[in-house]
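I opened my notebook for a slow look at one protein chain. Come along and check each entry as I go.

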Amino acid sequence: MPRSQPTFDLVIAANRLPVDRVVDEHGDTSWRTSPGGLVTAMESVMRGRDGAWVGWAGEAGEAPASFDQEGMYLRPVPLSEDEVAHYYEGFSNDTLWPIYHDVIVPATFHRFWFAAYEAVNRRFAEAVCEVAARGATVWVHDYQLQLVPAMVRELRPDVRIGWFNHIPFPAVELFAQLPWRRAILEGLLGADYLGFQRVADAQNFVRACRQLLSLPTKGDTVSVSRAGDARRVRASAVPISIDFRGLQELARRPETVARAKEIRESLGNPQTLLLGVDRLDYTKGIGHRLKAYGELLAEDRVSPPQEMFVQVATPSRERVDAYRELRIEIEGEVGRMNGEHSRIGAPAVQYLHHSYPREEMAALYLAADVLVVTPLRDGMNLVAKEYVTCRYDEGGALVLSEFTGAFHELHQAFVCNPHDIEGVKQTIMRAIETPGREKRRLMRAMRRRVADHDVQRWASRFLDNLKHAPERGSM
Ligand code: ADQ
């Protein structure tokens, strides 16, 4: 280790660094902090502390040298082209992602993908140890880095290790399909504390340890005992949230309000504007949503231009086969619906396959009378929380799948089971037809929940749980 290597009391490890490379017209490179809840949350916990973030800078090949960005020390981890294909697109997104989302599409298993996953996790662990001060707190994020906790513990028994899962943790019957299930559970058990989106996710993890590793469990803790290392690991729910104050402030700006009005005008001022916003991912139930809406159109229960439907489908993982196929399927469906039900100047579905700046997202939320969120499985679904946050006017209505983490918090949503197409249709109609006064009451209650449980509170709850996790030898 070079003598000048700085070390930090708080180290975050996540697949991606919170920055994007920007190249200006002279070919000079700089870094721009990528907007997002995680960065905001980390900024709030790093304020007044020495913090480092370990992650991939987003491009294959050599990594840039470590650098400071807005008060955080960023330590890039290099990934080769092959590692991006095998560790990230392969094992993370084509093995773990489908298994952790109820096998909506079949998972692909390749031993060489796991080998790359292990190698990359080791590189992350070593980078973490390099920047962690003695006794530091290490916070590892998500399913791409499940081996990191045990690897860090082995190298640095002095640090305290937490891991948070942004996606669901599957039922043991599904998790058991993974040929590397033991390695993954043992990797996670290297942590002192494990945070999940829902109580059921934490319970699934504890059950997997009991059934697949035959470890003793009690309530939300698993007892681990290896030569010289007897510990209890706690697993519980700490649902993630968003930066309520920051986003609400953006939604209230006169420019955002004006843009929302302009969006509605450009759609011909519909009576009801329905909106879907998702990464183009098979977990999000976009096809189920379109099917339900297509039937409502066919039955003349909705029709453009009175009702207009805007679907924003953010480009995602386009090098993974299942995602390429999904895009073809969804765009075919949108084409069919528009062919059958559009009028000149009034499309049945306005489909947008783009990323947008935060300002535009806030304006879309503010413009929409109904947000339709129908995932088949989703760790949380921040889009739902962003929508209610932007509705400072208490307008709008939220249709929400019961298979999202958000369902467990936003009790006043119009709830649906996306597999029940008839039910989705009825729920959409209810969201459209419920009187404004009642909808305002529901929206107010959901806003209160998100305001009280924002991302800053999430981060401090996680760190608190980590701090108070059982001490070693406390069995
Ligand atoms: P995602 O699956 O990506 O996250 P979600 O929670 O909805 O899903 O977050 C998506 C984010 O991307 C939101 O902040 C949204 O505003 C933004 N976004 C979506 N479309 C966009 C577009 N076209 N342009 C710009 N921004 C767009 C994973 C898990 C979730 C979990 C989160 C956080 O799958 O279940 O809620 O992590 O833990």
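**Entry 1: burial.** I began with the term I needed: buried means under 20% relative accessible area, exposed means over 50%, and partly exposed lies in between, with a 1.4 Å probe and protein chains only. I noted that this is a predicted model, where local features need pLDDT of at least 70, side-chain atom pairs count only at pLDDT 80 or more, and totals for chains, interfaces and linings use all residues. I also noted that residues are numbered from 1 along each chain as its sequence is written, and that side-chain values use heavy atoms, with hydrogens and water left out.

**Entry 2: His 141.** Is His 141 buried or exposed? I found His 141 buried, with a relative accessible area of 1%. His 141 belongs to strand S7 (residues 132-141); helices (H or I, at least four residues) and strands (E, at least two) are DSSP runs numbered from the N terminus. Next I listed its contacts, where contact means heavy atoms within 4.5 Å. Leaving aside neighbours within four places in sequence, His 141 touches several residues, among them Ile 12, Leu 38, Trp 163, His 166 and Trp 458. I also looked up Gln 248, which is 107 residues from His 141 along the chain, with 26 Å between their C-alpha atoms.

**Entry 3: the whole chain.** I stepped back and counted 16 helices and 18 strands in the protein chain. Buried residues make up 58% of its 475 residues. For a chain of 475 residues, a compact globule would have a radius of gyration near 23 Å, and the protein chain has 23 Å, which agrees. That radius is taken over C-alpha atoms, and the globule rule is 2.2 Å times the number of residues to the power 0.38. Along the principal axes, the C-alpha trace spans about 70 × 55 × 40 Å. Of the contacts between residues at least 6 apart in sequence, 74% join residues at least 24 apart.

**Entry 4: salt bridges.** Side chains of opposite charge can pair when their charged atoms come close. I counted a salt bridge when a side-chain nitrogen of Lys or Arg is within 4 Å of a carboxyl oxygen of Asp or Glu. How many salt bridges did this rule give? The count came to 36 salt bridges.

I looked at Glu 89 and Arg 319, whose closest N and O atoms are 2.8 Å apart. This pair links distant parts of the chain, 230 residues apart: Glu 89 sits in helix H2 (residues 81-100), and Arg 319 in the loop between strand S14 (307-314) and helix H11 (321-341). Glu 89 is buried, at 16% relative accessible area.

Then I turned to Arg 259 and Glu 360, another salt bridge with closest N and O atoms 2.8 Å apart. Arg 259 is in helix H9 (residues 254-266) and Glu 360 in helix H12 (residues 358-367), 101 residues apart. Arg 259 is partly exposed at 28%, whereas Glu 360 counts as buried at 17%.

My last pair was Asp 281 with Arg 317, where the closest N and O atoms are 3.7 Å apart. Asp 281 lies in the loop between strand S13 (272-279) and helix H10 (286-298) and Arg 317 in the loop between S14 and H11, so the pair ties together parts 36 residues apart in sequence. Both Asp 281 and Arg 317 are buried.

**Entry 5: Arg 198.** I finished in the loop between strand S9 (193-196) and helix H7 (199-213), where Arg 198 has its place. Arg 198 counts as buried, at 13% relative accessibility. Beyond neighbours within four places in sequence, Arg 198 is in contact with Ala 237, Arg 377, Gly 405 and His 408.
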